[in-house]
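Dear colleague,

My findings come after it.

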Amino acid sequence: MMQAATVITNGKKNAFSNLTPWLAVLAGFSILPGVLGPYWLNSAIVGLFYVMMASSWNLLAGFTGQVSFAHAAFAGIGCYTSGILAAKFGLHPLLGLPVGVALAALFSLGLGVLCIRMGGIYLSLTTLGFSEIVHIIIQNEYEITRGTMGLKVPFILGPYSKITAFYIMLVTAAVMVWAVHRILTSDMGLRFRAVLNDETAASSLGVPVTRVRVTAFVISGAMAGLAGSLYGHYLMLITPHIPSLDMMFHVLAMAVIGGLGTLAGPVVGAFLLEVLSESVRHFSDKYHVLVFACVALIFARFAPQGLVGLISACRQRWVGKRGVT
Amino acid sequence: MSLLDVHRASKRFGGIRAIAGVSFSVEPGEIIGMIGPNGAGKTTMFNLITGSVALDDGSISFRGRKITGKKPHQICREGISRTFQVTRPFGKMTCLENVYVPLVENRPGLKGAARRQSAEDLLALTALTGKEDWHAASLNLIDKKRLELARALAADPKLILLDEVLGGLNSVEMPTALDLIKSLRDRFEITVVWIEHIMGAIMSVCERVIVLDQGRLICEGSPETVCRDRGVIEAYLGDQQDA
């Protein structure tokens with residue numbers, strides 16, 4: 001019975017092999033600007049930013065087991081780099097963007113190499129420290145970053161329009177999720193999973209564990225840089241909130257509640273929590289943190305595999321029952 | 001030239017001398033048995049050869065090149081692979097994916113259908129046909145050991161180190177497994193060093209046996225010689241004068 005169930009779930013059916021639901025979701029999203037008012041359209045854009053953040057963090061934490069707390073810091077490095085280049089030197093955001101991504105990648109390379117001898121809690125603590133350092137520097141270097149006042153930056157492309165921003169974010173998020181999928185189904189993804197499953201066995205079979213882990217760190221950091229950079233130029237006012245632990249735990253909660261180590265999990269988690277936090281904010285500004293924490297607790301206790309894991313478990317049970325009768 | 005040359009290898013763990021100045025060499029095409037009581041240092045010897053534990057002293061060469069100080073993945077690419085006594089499957093990956101990992105690293109030219117074919121052949125060789133898409137964690141212990149072997153073979157080794165691969169097999173499965181080990185050399189031209197507690201199995205397959213006891217090499221020779229050796233008998237049964 002157990003084994004029969006395992007065979008069913010193992011049968012090559014990766015989340016993306018069935019492309020239809022993903023295309024349906026994408027199509028559904030692309031008509032959103034015609035349906036939603038400006039308030040909820042803003043939420044959708046923020047949601048898309050979180051999709052990018054949670055998906056790229058999941059690539060690192062969910063598929064190589066490195067729980068890094070520096071993800072928001074990399075987003076901050078991305079957005080402040082392109083933001084400062086645009087605000088102080090008049091560089092077009094689209095040109096500043098790749099510089100921001102490159103710098104985020106460079107920092108993640110440095111941090112990745114530094115952390116590589118550490119595992120588990122030590123890696124988490126070091127990245128936590130790095131994240132705080134970035135946050136404090138940005139907050140205090142008033143001359144350059146304007147600290148908590150925030151730095152005014154130009155819009156991504158042309159005149160300000162939420163619709164333009166939405167489509168840019170939608171396309172980038174879709175490409176990023178697709179890229180994560182491609183990485184995971186490639187030979188590199190196989191290495192990621194081997195390292196996650198058993199480092200000792202992987203290295204005894206020829207997997208260069210160190211290089212694989214650093215690679216994951218850099219790819220995921222660069223993706224965070226891109227997400228942060230785009231988000232900053234949408235907000236047009238970047239503050240130290242982007243590279244903050246607040247942001248980091250938000251992203252972490254989304255990935256975990258959605259389902260760590262699955263492709264759909266972070267996408268579902270990002271939107272679920274974004275919609276949830278906006279809905280709660282309708283009633284009161286105070287309670288959304290409380291609701292958030294409760295949801296996270298409930299999931300941690302009753303559905304540690306996240307929402308996506310819960311759904312597939314239910315589906316499996318249903319399929320199993322049908323098979324018996 | 002010997003395939004593998006272990007020269008005065010030593011390793012301490014705290015106050016315990018796990019391996020104390022052990023030297024031996026392995027010639028191409030041999031099947032060598034490595035035996036000894038529990039805690040003799042057999043698995044530690046494997047860990048030293050594959051680089052997962054660093055030597056304190058001495059050196060190890062493979063095909064005339066020093067491999068001391070190299071990382072496990074580099075040693076694997078040199079052509080040494082191993083199985084683990086306590087199995088280490090990639091539990092959340094399918095059997096097929098488990099075998100893909102070493103194939104990707106050691107035979108990069110093999111892609112797509114050819115890679116799949118190669119992986120399926122290896123799983124068939126180790127009697128895992130039909131379980132290609134099972135999660136490795138859902139296999140029973142014997143199948144996990146089979147998967148260990150399939151994976152180690154997929155790394156395309158010149159020398160394979162087998163750490164108690166027979167444990168748990170019944171009398172019907174045993175001869176098949178022994179034939180498989182013999183065929184590693186005869187069909188795949190892989191040299192074998194094999195740790196095993198089942199003496200009958202070692203006797204029927206190996207030409208040469210190395211005996212370790214308390215980190216020392218106490219005897220080396222044909223199975224018959226080793227069985228008659230006084231030191232070996234004492235190591236296993238205790239000193240007769242004590243009794």
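This is a predicted model: local features need pLDDT of at least 70, side-chain atom pairs count only at pLDDT 80 or more; totals for chains, interfaces and linings use all residues.

Residues are numbered from 1 along each chain as its sequence is written, while chains are lettered from A and ligands numbered from 1 in the order in which they are written.

Helix α5 of chain B comprises residues 141–154 (helices are DSSP runs of H or I, at least four residues; strands are runs of E, at least two; both are numbered from the N terminus). Because 12 of its 14 residues are buried, α5(B) is largely enclosed by the rest of the structure (buried: 20 or more other C-beta atoms, placed from the backbone, within 10 Å of the residue's own). Just after α5(B), Asp156(B) has a positive phi of about 60 degrees.

Chain B is assigned domain 1 (4–79 + 157–237) and domain 2 (89–151), with bounds from an automatic or database domain assignment. Their centres, taken over C-alpha atoms, are separated by 24 Å. Five residues of domain 1 are in contact with five of domain 2 (C-beta atoms, placed from the backbone, within 7 Å).

Between the chains, 23 residues of chain A are in contact with 29 residues of chain B. On the chain A side, α1 (2–10), α10 (187–197) and α11 (199–204) each supply at least two residues.

With kind regards

Terms used:
The expected span of a helix is 1.5 Å times one less than its number of residues. Two residues are in contact if their C-beta atoms, placed from the backbone, lie within 7 Å.
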